[in-house]
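Please look through the sequence and the 3D view shown here, and then work through the questions that follow.

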Amino acid sequence: MHLPRQLGPLHDLPDSPEAYDAVLAGVVEEALARLTPEGNLEHPDCVDDIGDTSLGITSLLALAWQRGKDPRLPEAVRRSLAFHLRERVYTEDNPGYPNLRARHSALPYARYTLASGAHPIGDWPSTVWALLQAVNVLDLAEGLVEGEQRAELLEVAHGYWRWLTEATFFNPQEAGNQAIGCVVGGLMLARHLPPGQGEQVRSRAIALYADKIRAHRVADRGALLPPEHGGAYDNNYGPISLSFLAQAHRVSGERIFAEDGDALARYIDARLTSGGFDNGGPRYSEQHSGFESVLGLRYFSRRVCSDLGRYRGDSRWGRHAVKADGGVDGHFAWMLVWQIQDTTRWHRGPSPLPARHQLRAGTVSVAFDDRMTPSLVEAAGTYYLPAAVNRQHGFGPVTEGFLFCRPMGEVRVRDVRADGLTAKLVTKPVVGRDHVLRHVRSLYVTDGTSLWVTVAVEQLPGTPYLLAGLPYATDDGDRVRRTAVGDAASAGALRLTHPESDGVDHFDARADRTQEEAAFALAADPRGYGNPDEGWRHLVSSTALEAEPAPGGPDDLHVFAVRYGPSGPFGALSCERDGSSLKVRTDHFTAVLGEVAGDAHGEPELTLQAS
């Protein structure tokens, strides 16, 4: 069973001028064959997200004409633009729309669904998208759209902006990508208005970004991020927000967009595995964008000097939006226009700088959450999620049903590179149900092929084990498929357990259900509206790797050791006191972990050398 959307890395798609001209040529032929006598370019199956789609294809035809001067296109552009202005611009309030601040404004807007009163909640983003399609056509209008038709289009575009910022509440869905998109529309519109009016719109757009978006950023993993549908980040919409920040910077030159884009880009880089797999967010746990993310990932990969293009996108939407039959849909067409216009090239190498929430070398990576507990582990092409036991989720020691991974105090981190090895030591104080404070020291070491994880903690009661992850997915060519096994070994006994219950709150990796499906089934609200991450937190138990303590450790410690990677036994392991430090020796490395108190500033000490 393959995951349906996480396909190839986005930087694998050719992005030369010739490749883009070939994409546009295909759009042109399909659009000319579809164009109705009325000038409609909408896909016949389009029902939702329809209000901007014909205009979106018009903008692609305009771009194709500017690049190739196909004589068939000027008439098609003018006819299809006339259709949008005549049939897809609404000025009467949509019955049931809940977010108006001024009724009967007569300002133009676009509808998510054409039927009056049908799903009006989507009209705000649809109007943002229509504004962006309109300003793209204005940018490409020379020699195509002039005189009265251009003046009418500019008037409608300005009306869209006013409807979004005056007649309605701004960003009513609390969706960062939509809100930043609106700001971009204002910045682009301002260039086409008379100077005084244009400067007013530009200033308003920047103020909206500063006061309504930036001031409400949400903290996650050491970064401040534009909120997305009530969460800090969404793996579908987050990279789309990055694309909007790229376009905002391209259009305005304002540092604020570059700086915030850099922060979001570094965050994405830290949470992505080497293979580009990611999951999570307030709307879609596994659904990924495709071409909508390319501009931002490519633009900021160059700025932060890291290969963000490894992000696995939905290559069904690798170039533009399509319907089930593969036919082109004009939805989000402005993003394809911008990525063709942008000449930035991909940065294809990893950043050489260590990141607090990431360990990465070769084909091995660990992404850490805010608690510095792994949120995703990748080794040997397999991806491990945090497992669940007794309603607790994470990686860490477990005894008597209690998982030791939630810190009670400051979490300390030390990064070291030596002899071709990359390592991270994480020290966190944890309080158990017995109220005893224990220090959990987790050492992660990789040679780029295997990952060794060694966890040391003061002696635990009962029969402890290490909760070592939920094997979830594995690379399969340019696809990702579900799995229920992982290539791992342990210094102590290692077992793979599965839930005894088949209830929705017990995730068995052997079943066909995806993490996304299970998360939505546990969410409080309907699919597409609920927060699957909140639903997933209701998980009681899951498939899990469980490692028993390694034999021969110090009497006052429990030490666990697991290797993720190529097949074979774990090999030799010794853990012994070295003065006040702990020396860990394997067949591949020797590491010395400083005493729990660390150096004079309390920071953990770590030395590392290859064996």
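Q: Which strands and which helix are included in what covers the buried residues of H12?
A: Contact here means heavy atoms within 4.5 Å, and buried means under 20% relative accessible area, with exposed over 50% and partly exposed in between, for a 1.4 Å probe and protein chains only. Helices (H or I, at least four residues) and strands (E, at least two) are DSSP runs numbered from the N terminus. The cover of the buried residues of H12 includes strand S6 (382-385), strand S16 (470-476), strand S20 (506-507) and helix H13 (532-536).

Q: What kind of model is this, and from where are its residues numbered?
A: The model is predicted, so that local features need pLDDT of at least 70 and side-chain atom pairs count only at pLDDT 80 or more, while totals for chains, interfaces and linings use all residues. Side-chain values use heavy atoms, with hydrogens and water left out, and residues are numbered along each chain as its sequence is written, from 1.

Q: How many residues of helix H12 are buried, and which are they?
A: Helix H12 (residues 515-522) is mostly covered, with six of its eight residues buried. Those buried residues are Gln-515, Glu-516, Ala-518, Ala-519, Phe-520 and Leu-522.

Q: Is Ala-205 buried or exposed?
A: Ala-205 is found in helix H7 (residues 195-213). Leaving aside neighbours within four places in sequence, Ala-205 is in contact with Trp-161, Val-183, Gly-186 and Leu-187. Because its relative accessibility is 0%, Ala-205 counts as buried.

Q: How far apart are the C-alpha atoms of Ala-205 and Gly-185?
A: Ala-205 and Gly-185 lie 20 residues apart along the chain. The separation of their C-alpha atoms is 8.4 Å.

Q: What is the distance between the end C-alpha atoms of helix H9?
A: Helix H9 (residues 255-271) is mostly covered, 13 of its 17 residues being buried. The expected span of a helix is 1.5 Å times one less than its number of residues. For the 17 residues of H9 this should give 24 Å, which agrees with the distance between its end C-alpha atoms, 25 Å.

Q: What is the radius of gyration of the chain?
A: The radius is taken over C-alpha atoms, and the globule rule is 2.2 Å times the number of residues to the power 0.38. With 611 residues, a compact globule would have a radius of gyration near 25 Å, which agrees with the value for the chain, 27 Å.

Q: What share of the residues of the chain count as buried?
A: The chain holds 13 helices and 27 strands. Of its 611 residues, the share that count as buried is 62%.
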